[in-house]
Each structure stands twice: as structure tokens, then as C-alpha cells.
Amino acid sequence: MKNRIEEIRKEKGIRQEDFAKTLGVSRQTISSLETGRYNPSIFLAYKIAHYFGMTIEEVFIFNEEDLSRR
């Protein structure tokens with residue numbers, strides 16, 4: 001699943017370290033999310049979207065192909 005986390009975070013001038021601390025995760029988790037190596041739990045996805053004042057669908061891009069990979 002793709003996401004816009006890095007784009008949105010940079011637009012808002014937020015460092016990975018600060019973002020991670022606010023969410024209660026490691027900087028490595030943020031890095032892995034941004035590069036697409038890690039898909040968050042629904043709870044973490046909600047926390048990220050809520051932090052940005054957005055919906056989950058505005059932050060995370062879901063493709064039907066993602067379903068066939070499971």
C-alpha cells in the first residue's frame with residue numbers, strides 16, 4: 001500500500017524523529033512506512049491521519065492489486 005506520509009510530513013516541516021515521538025513509534029518505523037516497507041495497523045494509520053487532520057484515505061492509497069498480494 002502506498003502512502004503520502006513523507007510528502008505531508010515535509011509540507012508541514014515535521015522531522016521524522018518528532019513525528020515518531022508524537023505517535024509513540026520509532027524513527028525507523030516512520031522511515032519504513034514512508035518507503036513502503038511496512039504497512040501500519042489500522043490503529044496507527046488512524047493516529048497518523050488524525051495527526052495530519054486528514055482521513056485515512058487521504059494519507060494512504062489503496063489499490064485493488066494490494067488485495068491479490070495477500
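Buried means under 20% relative accessible area, exposed means over 50%, and partly exposed lies in between, using a 1.4 Å probe and protein chains only. The model is predicted: local features need pLDDT of at least 70, side-chain atom pairs count only at pLDDT 80 or more, and totals for chains, interfaces and linings use all residues. Residues are numbered from 1 along each chain as its sequence is written, and side-chain values use heavy atoms, with hydrogens and water left out.

**Salt bridges**

- The structure contains four salt bridges, a salt bridge being a side-chain nitrogen of Lys or Arg within 4 Å of a carboxyl oxygen of Asp or Glu.
- One of them joins E6 and K10, with an N to O distance of 2.9 Å.
- E7 pairs with R4, and their closest N and O atoms are 3.1 Å apart.
- In the pair of D18 and R15, the closest N and O atoms are 3.2 Å apart.

**Helix context**

- E6 and K10 both belong to helix 1 (residues 5-11), where they are four residues apart, about one turn of the helix.
- Helices are DSSP runs of H or I with at least four residues, numbered from the N terminus.

**Exposure of the paired residues**

- D18 counts as partly exposed at 38% relative accessibility, and R15 counts as partly exposed at 48%.

Notes:
Helix = DSSP H or I, 4+ residues; strand = E, 2+ residues; numbered from the N terminus.
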